[in-house]
Number of protein chains: 2
Amino acid sequence: MRDTTAGASATGVITSRENRWLKEFRVALRGGVPTAEGAVGVEGVRLVEEALGSGCRVQAVLISEGGERHREKLAPFLGRPEMAFPVLRTTDRLFEGIADTEHPQGVAALVVPRKVDLDELLATPRGACAPLMVVLAGVQDPGNVGTILRTAAAFGATGCVTTATGQSGTASPFAPKALRASAGAALHLPIVSGMALGILLTQLKLSGIHTLASCVHEEERGALRSSGQAMAPWEVDWCQPIALLVGNEGAGLPQEIVHSADGSIHIPMASRVESLNAAAAAAVVLYEAYRQRKKGSGE
Amino acid sequence: MRDTTAGASATGVITSRENRWLKEFRVALRGGVPTAEGAVGVEGVRLVEEALGSGCRVQAVLISEGGERHREKLAPFLGRPEMAFPVLRTTDRLFEGIADTEHPQGVAALVVPRKVDLDELLATPRGACAPLMVVLAGVQDPGNVGTILRTAAAFGATGCVTTATGQSGTASPFAPKALRASAGAALHLPIVSGMALGILLTQLKLSGIHTLASCVHEEERGALRSSGQAMAPWEVDWCQPIALLVGNEGAGLPQEIVHSADGSIHIPMASRVESLNAAAAAAVVLYEAYRQRKKGSGE
């Protein structure tokens, strides 16, 4: 581990190397996009801890003067010989200019999310009865994307796929707001991001994974009710290999996706006029899946 | 119904009356605080529709030039003789200066939330088997407050209490961000806001309403597990009169509240290191309550 000071050296001179790191941090944090090398930025003690413990490659850690008070919490990770990345120090003022949050805690990291193959997701991971995948198809709010990832990890989902950005695309799971909302789950839950929905559905079919369309909108439910397809979460057998499809917050899933899926679920509600937030709906469904899988495994 | 034009009259002169309304809208929307008369601001077609249909007193509606395209959707409400409030018109530019959102839809309303007595909440409403109250004690993110209200309404909660702001206070359910996240539920779900938690707990006890502390943190769960108190959501009898206590996103409920509650619940999760977002946790618990109550009522 090297420990250098960026922007706060004794002479007040920033070396070009330090300057390059500060720029990278700014791109990833304030800019909200991955660096040229594919690193994403995480900020705050909890997320940096998650990043250091995730097994993902950490490129650099940045600590401001005020952030020094958190160094002890990070020490177990920073002290390891395999952690061969620079730990840079900077002033609080420079940190504030780089950070994406209003009241930064003064610690940040650049971390490269694991590249996951779809094949990995399609296989049954150790300890799980069958794959339980969450497919985000058009979820546009990064907060919702992150919250769903957090919930998915908590309820034992084995992986997640996000569709390519664009018209019916999903917000990046690695954008700062999504990473924060995921409480770090985006770094340890296996994620394949930016897939074309059509190709994915074909792959799922070929792999014998049951696709379930989550329908939160009255119109979708109406269409499904007439065809007798829609099930309540507790009517689904969650111990089979399942991919849960979650659609856009406003428009839901495209009609053709709902119809081509192997099944559909809706969450019964007290009143027809009510609806659920996308992340709340996903939480309810994934809880039901976990409950059944836990029971099935005899835990 | 009167229809006046604020800030866009033929002569370009804004009357002092129109100017007063624009100021009120700005306080409520951009300022995010209730007006002197207790009105809160709602923005966007869907929320204004909710406000007009909520039975709450509407003080005024504001429509920009660009917002005119939504007038047809609102017409069923605006045309009624009992809707005796001014409908003001303004320019898109003035509207943007008043709005709280980045891409305003050009329609807004000032609406006075219903005053609800705690006694009303403590009584069993028509159609419900028993009161099911949600008590928000320290939920600080307005988005979480709104999402929980939306979920509570969807799953048949009979009312909500929010604790007084301050140290362990809860964000106002009527702040613009909370109103938006609630999708209007904040205007029709009976809410008592700003209560002192101690007084509330005494009242609940006197009324025979079972208090259940929702514990999402490992420490809380650890403390409870040793005392054998914590139940899984499905172990609770949700048909009895219940008040579900939801605490702060980071710190949870104060220890003394957890211990003085009649019972506690935790949501089993796949891994000890995971946790759930406050709104996701509330969704899971309220879903379970609804499922049991629906079954109990023989629906």
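**A helix pair and its setting**

Mentor: In this predicted model, the axes of α6(B) and α12(B) come within 9 Å and cross at roughly 10°. Angles under 35 degrees count as roughly parallel, and α6(B) is therefore roughly parallel to α12(B). The handedness can be stated as well: α6(B) passes α12(B) in a right-handed crossing.

The residues that form this contact may be located on each helix in turn. On α6(B) they are B:Asn144, B:Thr147, B:Ile148, B:Thr151 and B:Ala152. On α12(B) they are B:Ala278, B:Ala279, B:Ala282, B:Ala283 and B:Leu286. Sorted by class, the contact of α6(B) with α12(B) comprises 7 nonpolar and 3 polar residues, with no charged residues.

The contact between the chains takes 22 residues from chain B and 22 residues from chain A. On the side of chain B that touches chain A, the elements giving two or more residues are α6 (142–154) and α12 (278–296) of chain B. Of the elements on that side, α12(B) gives the most, with 7 residues. In composition, the side of chain B that touches chain A divides into 14 nonpolar, 5 polar and 3 charged residues.

The relation between the two chains comes next. Chain B can be laid on chain A with an RMSD of 0.0 Å, by a turn of 180° and a shift of 0.0 Å along the axis. That is the relation of a two-fold axis. The same surface serves both copies, in that 100% of the contact residues of chain B recur in chain A.

One may then turn to the corresponding helices of chain A. Helix α6 (residues 142–154) of chain A and helix α12 (residues 278–296) of chain A pack at an angle of about 10°, their axes being 9 Å apart. That angle makes α6(A) roughly parallel to α12(A), and α6(A) passes α12(A) in a right-handed crossing. From α6(A), the contact draws on A:Asn144, A:Thr147, A:Ile148, A:Thr151 and A:Ala152. From α12(A), it draws on A:Ala278, A:Ala279, A:Ala282, A:Ala283 and A:Leu286. The class count for the contact of α6(A) with α12(A) is 7 nonpolar, 3 polar and no charged residues.

Chain A is divided into domain 1 (2–112) and domain 2 (118–296). Between them, the contact takes 14 residues from domain 1 of chain A and 8 residues from domain 2 of chain A. On the side of domain 1 of chain A that touches domain 2 of chain A, β2 (40–43) and α2 (45–53) of chain A each supply at least two residues. The largest share of that side, 4 residues, comes from β2(A). By class, the side of domain 1 of chain A that touches domain 2 of chain A has 8 nonpolar, 3 polar and 3 charged residues.

Finally, another helix pair of chain B may be set beside the one requested. Helix α2 (residues 45–53) of chain B and helix α3 (residues 71–78) of chain B pack at an angle of about 5°, with their axes 10 Å apart. That makes α2(B) roughly parallel to α3(B). Here α2(B) contributes B:Val45, B:Val48, B:Glu49, B:Leu52 and B:Gly53, and α3(B) contributes B:Lys73, B:Leu74 and B:Phe77. The contact of α2(B) with α3(B) has 5 nonpolar, 1 polar and 2 charged residues, whereas that of α6(B) with α12(B) has no charged residues.

Technical notes. Residues numbered from 1 in each chain as written. Chains lettered and ligands numbered in written order. Predicted model: local features only at pLDDT ≥ 70, side-chain atom pairs only at ≥ 80, totals over all residues. Contact = placed C-beta atoms within 7 Å. Nonpolar A, V, L, I, M, F, W, Y, C, P; charged D, E, K, R; others polar. Axes fitted to C-alpha atoms, helices over the stretch in contact; angles between N-to-C directions. Parallel < 35°, antiparallel > 145°, perpendicular 65-115°, else oblique. Left-handed = near helix turned anticlockwise from the far one by under 90°. Domains from an automatic or database assignment. Least-squares fit on C-alpha atoms with pLDDT ≥ 70 in both.
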